[in-house]
Amino acid sequence: MSTSATTARTASPLRHLGPNWYAAVMGTAIVASAGAALPVRPPGLRGACEAVWALSAAALAVLLVARAVHWARHSDQARRHLGDPAVAPFYGCAAMALLAVGGATLSVGSGVVGQGAAVTADAVLWVAGTVTGLAAAAGIPYLMVTRHRIEPGQASPVWLLPVVAPMVSAALGPALVPHLPAGQWRAAMVLACYALFGMSLLATLLILPAVFARLIHHGPLPLALTPALFLVLGPLGQSTTAVGNLADAARGALPAPYADAAAPFAVLYGAPVMGFALLWLVLAAAMVLRAFRQGMGFAMTWWAFTFPMGTCVTGAAALSRHTGLHALTWLSAGLYAVLVTAWAVAAARTVHGLVSGRLLAAPRPAPQPLPAVRVRTT
């Protein structure tokens, strides 16, 4: 290959487009769906959510095309991403982006495209996202065991991304249950979502101790990676959302004993988990403030402030729906205000980074230590 061809290939703006970009789609879609889930309805909220949903759908379409071009023209770099233990877990974001936009299409976009089209779009994206999520949940840990070389002390909250994808399927699948034929189809969908809930929850419980042990024994994460601490909120808020939504769907799908037990389980599981989520939120926020004081600049990891926070909004809203507690209503509204602020900042900084070209540039190589200089004495 000629030098000019190699240079042009290296200079392509898509060469370094990694799977982490799906986090921006997830974080945008959750703003719309979390707004639709709120127990309160401020004036203008519905229209704003529809606009954000349209933005997330357009971003997903553009990113899917861009990633396809990336794999076609830069397959060497794509394979390198899969072999990198710091990048490969972000393939879970691809599944969650499909699921998040599909769920927002049904909950928000139906007022724009119509109920029938919204159900069809959500069903297609749910199936595609669930299949992709299962592949990531099994495939990325397989690569971590067989291909990646991970040193002690390198555990990261990013490891949660592949295994949380089935939990997103479990949380969004119940919305499709009323649109399925009564009987076997609905029961199978509900139980399949409970199975997805279980596999994601147990996998999360394997990873969280390693992440916390890494923090205790090796200190804070690198500055650019510190926002990833918010990723721990994802399985917590999303599992609370899942059991709440499944309790709603179970009433018309499962026999009475199980349907009756689903609602109490949603509260008895969701309340303690939401309590832990709030505790982790305080810890993660304190670590982020510390990183800011030490000079943390913008990186795509800032999108970790959005989707996990959105799952806490939907989780608190589900608890509010099942308990009727006003405190949970105000908690969901307060968390939503934080979510919108985080999304606005991350989106503005991302647009600026795209315009400047910085976010699509080749990553800078790590600085090499200076060679030791021997001083001869006489």
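This is a predicted model: local features need pLDDT of at least 70, side-chain atom pairs count only at pLDDT 80 or more; totals for chains, interfaces and linings use all residues.

Biologist: Why is Ser332 called buried?

Modeller: Ser332, which is found in helix α12 (residues 326-356), has a relative accessible area of 0%, and because buried means under 20%, Ser332 is called buried.

Biologist: Which residues does Ser332 touch, not counting residues up to four places away in sequence?

Modeller: Ser332 touches Leu38, Pro39, Val313, Ala316 and Ala317. The C-alpha atoms of Ser332 and Val40 are separated by 9.2 Å, although these two residues are 292 residues apart along the chain.

Biologist: What makes α7 roughly parallel to α9?

Modeller: Helix α7 (residues 160-172) and helix α9 (residues 233-250) pack at an angle of about 20 degrees, with their axes 8 Å apart. Because angles under 35 degrees count as roughly parallel, α7 is described as roughly parallel to α9, and α7 passes α9 in a left-handed crossing.

Biologist: Which residues meet where α7 packs with α9?

Modeller: From α7 the residues include Leu160, Val164 and Met167, and from α9 they include Pro235, Gln238 and Leu246. By class, this contact of α7 with α9 has 9 nonpolar, 4 polar and no charged residues.

Biologist: Which residues touch the most other members of the largest nonpolar core?

Modeller: Of the 120 residues in that core, Met96, Phe230, Leu233, Trp303, Tyr336 and Leu339 touch the most other members. Leaving aside its neighbours within four places in sequence, Met96 is in contact with Met26, Leu161, Val164, Ala165, Val168 and Phe307.

Terms used:
Residues are numbered from 1 along each chain as its sequence is written. Side-chain values use heavy atoms; hydrogens and water are left out. A nonpolar core is a set of buried Ala, Val, Leu, Ile, Met, Phe, Trp, Tyr and Cys residues joined through side-chain atoms within 4.5 Å. Buried means under 20% relative accessible area, exposed over 50%, partly exposed in between (1.4 Å probe, protein chains only). Contact means heavy atoms within 4.5 Å. Axes are lines fitted to C-alpha atoms, for helices over the stretch in contact, and angles run from 0 to 180 degrees between N-to-C directions. Helices (H or I, at least four residues) and strands (E, at least two) are DSSP runs, numbered from the N terminus. Angles under 35 degrees count as roughly parallel, over 145 as roughly antiparallel, 65 to 115 as roughly perpendicular and the rest as oblique. A crossing is left-handed if the near helix is turned anticlockwise from the far one by less than a right angle, and right-handed if clockwise. Ala, Val, Leu, Ile, Met, Phe, Trp, Tyr, Cys and Pro count as nonpolar, Asp, Glu, Lys and Arg as charged, and the others, Gly among them, as polar.
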